[in-house]
Amino acid sequence: MKNMLNWFEIAVSDFDRAKKFYETIFGFTMQGMNFGGVKMGFFPADEGKVSGALCAGPDYKPSADGAIIYLNANPDLAEVQNRIEAAGGEVLVAKRQISPEYGYMALFLDSEGNRVALHSNK
């Protein structure tokens, strides 16, 4: 079976604030562009791997309800989690083990009010 996730988009209302938030908690730089009136900031990914973007535009409304995406925070999501509040987010569920086979997860609200999850193996 193929990977069910092809692409994801996280709706944002303040593009610059959201871009700074994600760059701060993950420690990377996002490349941005304007695509048909939508501001997009791209999450880094290895060639051929699934990725996504922050998106600001008239059809994008941040929400704490609905689907949850899990962002890769390997090797240890605690490192990312520990930067969330200082960057303007809120930890909703601190790091906890899913199971020995499936690793760890945490939930947070980002700077725009989206509920997002982190995942790591340890």
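Predicted model: local features only at pLDDT ≥ 70, side-chain atom pairs only at ≥ 80, totals over all residues.

Residues are numbered from 1 along each chain as its sequence is written, and side-chain values use heavy atoms, with hydrogens and water left out.

| Pocket | Volume | Lining by class |
|---|---|---|
| Largest pocket | about 570 Å³ | 13 nonpolar, 5 polar and 4 charged residues |
| Second largest pocket | about 180 Å³ | 5 nonpolar, 3 polar and 4 charged residues |

Of the 22 residues that line the largest pocket, Pro-44, Val-50, Leu-71, Asn-72 and Ala-73 are the closest to its centre, and the elements that give two or more residues to this lining are strand 5 (70-72) and helix 2 (77-84). In the second largest pocket, strand 1 (7-11) and strand 8 (115-120) each supply at least two lining residues, and strand 1 gives the most, with 3 residues. Among the residues that line this second largest pocket are Glu-9, Lys-61, Asp-65 and Arg-115.

Helix 2 also packs against helix 1 (residues 15-26), at an angle of about 140° and with the axes 8 Å apart. The two helices, helix 1 and helix 2, are therefore oblique to each other (angles under 35 degrees count as roughly parallel, over 145 as roughly antiparallel, 65 to 115 as roughly perpendicular and the rest as oblique). Phe-21, Thr-24, Ile-25 and Phe-26 in helix 1 meet Val-80, Arg-83 and Ile-84 in helix 2, where contact means heavy atoms within 4.5 Å.

Terms used. 1 Å grid on protein atoms, 1.4 Å probe; cavity = no way out; pocket = protein on both sides within 12 Å on 5 of 7 lines; lining within 4 Å. Points joined across faces, edges and corners; volume = space filled by probe spheres on them. Helix = DSSP H or I, 4+ residues; strand = E, 2+ residues; numbered from the N terminus. Nonpolar A, V, L, I, M, F, W, Y, C, P; charged D, E, K, R; others polar. Axes fitted to C-alpha atoms, helices over the stretch in contact; angles between N-to-C directions.
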